[in-house]
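This report describes selected local features of the structure shown below.

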Amino acid sequence: MNRLDDKVALITGGARGQGAAEAKLFAEAGATVVITDVLDEEGAATAADVGPTCTYLHQDVTSTDEWTAVVDAIVQEHGRMDVLVNNAGIFRITPLLETTDEAWDTMIAINQTGVFKGMRAVAPVMKRQGGGSIINISSIAGLRGTQACFAYGATKWAVRGMTKSAAQDLAGSGVRVNSVHPGLIETAMMDEFGGDRNELAAQVPIGRLAEADEVAALVRFLASDDSSYCTGHEFVIDGGFIL
């Protein structure tokens, strides 16, 4: 189940946290994995830790030129592109009235425009080869209003909507597009909340934060042929947080 043999996968924001967990599980499932990030030392170390089927490339997901360069490099090296995980993103706690133009523009550029540019860059390759899977990492903040996370929530709703539109556009060519909506995950992003993580965990019906590997396992399913009839939908992994 959930095998990725002979598949070539690109995971953005793969230097650490959830992206690194996805890279590890993908490689274990048989995929050739390329991770990208702007954290070059951490990215190279993660690729070395994952093993010989994983490589690291520098990439700023807000740059059209860097998307073109990364996709071209992967196709030239491996001949195809089967999976894109749009995982790169940032999280800031900022209420509406405290959101500056700069903070808004940065959040939109990375979390929303980066996803758009990624889908646009890989879709022609996937269409030519007759199929592929695009997985966009959104959030439960893309499913309901979220207090004090105004710009972040806006981007995650946008990712959900773009996923549905792209799924409609690409379904006829065999390219599937889905979004994943994690809740509270045990990664460095949780540091933004401050305080005791046990207090955060107490808000989750399951009673704990998720491990990055648990989210990665869902992403691996969507990357695999076992999810061949899934497209245009949101997959929630939140321990019952928004029931």
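**Parallel strands and their crossovers**

Valine 34 stands opposite threonine 55 in strand E3. Strand E3 covers residues 54–58 and runs parallel to E2, to which five bridges join it; strands count as paired if DSSP finds at least two bridges between them. Helices (H or I, at least four residues) and strands (E, at least two) are DSSP runs, numbered from the N terminus. From E2 the chain crosses through helix H2 (residues 40–50) to E3, in a β-α-β crossover that is right-handed. Right-handed here means that, with the strands pointing away from the viewer, the path from the first strand over the helix to the second runs clockwise.

Strand E1 (residues 8–12) is also joined to E2 by five bridges, and these two strands run parallel. Threonine 12 stands opposite threonine 36 in E2. The chain passes from E1 through helix H1 (residues 17–28) to E2, and this β-α-β crossover is right-handed. Strand E2 itself (residues 32–37) is mostly covered, with five of its six residues buried. Buried means under 20% relative accessible area, exposed over 50%, and partly exposed in between (1.4 Å probe, protein chains only).

**Basis of the model**

This is a predicted model, in which local features need pLDDT of at least 70 and side-chain atom pairs count only at pLDDT 80 or more, while totals for chains, interfaces and linings use all residues. Residues are numbered from 1 along each chain as its sequence is written, and side-chain values use heavy atoms, leaving out hydrogens and water.

**Threonine 163 in helix H5**

Threonine 163 lies in helix H5, which spans residues 150–170. Its relative accessible area is 1%, and threonine 163 is therefore buried. The side chains of threonine 163 and asparagine 136 are joined by a polar contact of 2.9 Å. Such a contact is a pair of N or O atoms within 3.5 Å; within protein, one must be able to donate a hydrogen and the other to accept it, and residues adjacent in sequence count only if both atoms are side-chain atoms.

Not counting residues up to four places away in sequence, threonine 163 touches Asn136, Val177, Asn178 and Ser179, where contact means heavy atoms within 4.5 Å.

Asparagine 2, found in the segment before E1, has a positive phi of about 60° although it is not a glycine. Asparagine 2 counts as buried because its relative accessibility is 16%. Leaving aside neighbours within four places in sequence, asparagine 2 is in contact with Ala29, Arg220, Phe221, Ser224 and Asp226. Asparagine 2 and proline 52 are 50 residues apart in sequence and 21 Å apart in space, C-alpha to C-alpha.

Alanine 148 lies in the loop between strand E5 (132–137) and H5. Its phi is near 70°, a positive value in a residue other than glycine. With 24% relative accessibility, alanine 148 counts as partly exposed.
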